[in-house]
Amino acid sequence: MKHLAIAAAFLLALPFAAAAQEPTAKPAEPSAGATAPKAPQTAQERQEANAVKLAGLVRFVGESCKEAQPDYERFKSVVAAMGVDLDAISKGELLMRSMGYTEAYRKNVDESCRKAQEMFGEKGTAIPGLVLRKAS
């Protein structure tokens, strides 16, 4: 449980690569008919948002990190411990959101892989064991 609380705090700072790559220009104003996405309000919505971020990270590591691989069983258990249905983040709008995080991490692959190891590797500071070194 301690790791989940720490993970939630770290996940609020994600995506780590996107923050360093985002332009400093003011974002465009939404059109009159558009609605801005609202920030998660309930504890369940926050956990779901964190699970979406983790899903994006796991996808990124699996596809882009040469020396690392995700531990999918660990990912499933972490998402379950968050009280989020894995199926819910595997389709529809939540899947699209997680893919957005994956793309953000790809903006700086080397840095994102390094941070993934630091935060989620065997001795990670957020969720240890979520990202493993690939066997040589």
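A crossing of two helices is left-handed if the near helix is turned anticlockwise from the far one by less than a right angle, and right-handed if clockwise. The exercises below apply this to a predicted model.

**Exercise 1.** Determine how helix α3 is oriented relative to helix α6, and which residues make the contact.

*Solution.*
Step 1. Helix α3 spans residues 43-64 and helix α6 spans residues 109-120. Their axes come within 11 Å and cross at roughly 120°.
Step 2. Angles of 65 to 115 degrees count as roughly perpendicular and those over 145 as roughly antiparallel; the angle found in Step 1 therefore makes α3 oblique to α6.
Step 3. In the sense defined above, α3 passes α6 in a left-handed crossing.
Step 4. From α3, the residues Leu54, Leu57, Phe60, Val61 and Ser64 take part, and they meet Val109, Ser112, Cys113, Ala116 and Phe120 of α6. Sorted by class, this contact has eight nonpolar, two polar and no charged residues.

**Exercise 2.** Find the disulfide of the structure and state which parts of the chain are linked.

*Solution.*
Step 1. One disulfide is found when the whole structure is searched.
Step 2. The partners are Cys65 and Cys113, with their sulfur atoms 2.1 Å apart. A disulfide requires sulfur atoms within 2.5 Å, so the pair qualifies.
Step 3. Cys65 lies in the loop between α3 and β1 (68-70), whereas Cys113 lies in helix α6. The two are 48 residues apart, and the pair links distant parts of the chain.
Step 4. The angle about the S-S bond is -100°, and the link is left-handed.

**Exercise 3.** Describe the arrangement of α3 with α4 and with α5.

*Solution.*
Step 1. The axes of α3 and helix α4 (residues 72-81) come within 11 Å and cross at roughly 175°. This angle makes α3 roughly antiparallel to α4.
Step 2. In this contact, α3 contributes Ala51, Leu54, Ala55, Val58 and Gly62, and α4 contributes Tyr72, Phe75, Val78 and Val79. The classes are eight nonpolar, one polar and no charged residues.
Step 3. For α3 and helix α5 (residues 92-105), the axes come within 8 Å and cross at roughly 50°. The two helices are therefore oblique to each other, and their crossing is right-handed.
Step 4. The contact of α3 with α5 has 10 nonpolar, three polar and five charged residues.

**Exercise 4.** Identify where pLDDT stays under 50.

*Solution.*
Step 1. The mean pLDDT of the protein chain is 79, and 70% of its residues reach 70 or more.
Step 2. Over residues 1-34, pLDDT stays under 50.
Step 3. Where pLDDT is low, the predicted coordinates should not be read in detail.

Definitions and conventions. Residues are numbered from 1 along each chain as its sequence is written. This is a predicted model: local features need pLDDT of at least 70, side-chain atom pairs count only at pLDDT 80 or more; totals for chains, interfaces and linings use all residues. Side-chain values use heavy atoms; hydrogens and water are left out. Axes are lines fitted to C-alpha atoms, for helices over the stretch in contact, and angles run from 0 to 180 degrees between N-to-C directions. Helices (H or I, at least four residues) and strands (E, at least two) are DSSP runs, numbered from the N terminus. Angles under 35 degrees count as roughly parallel, over 145 as roughly antiparallel, 65 to 115 as roughly perpendicular and the rest as oblique. Contact means heavy atoms within 4.5 Å. Ala, Val, Leu, Ile, Met, Phe, Trp, Tyr, Cys and Pro count as nonpolar, Asp, Glu, Lys and Arg as charged, and the others, Gly among them, as polar. pLDDT is the predictor's confidence in each residue, from 0 to 100.
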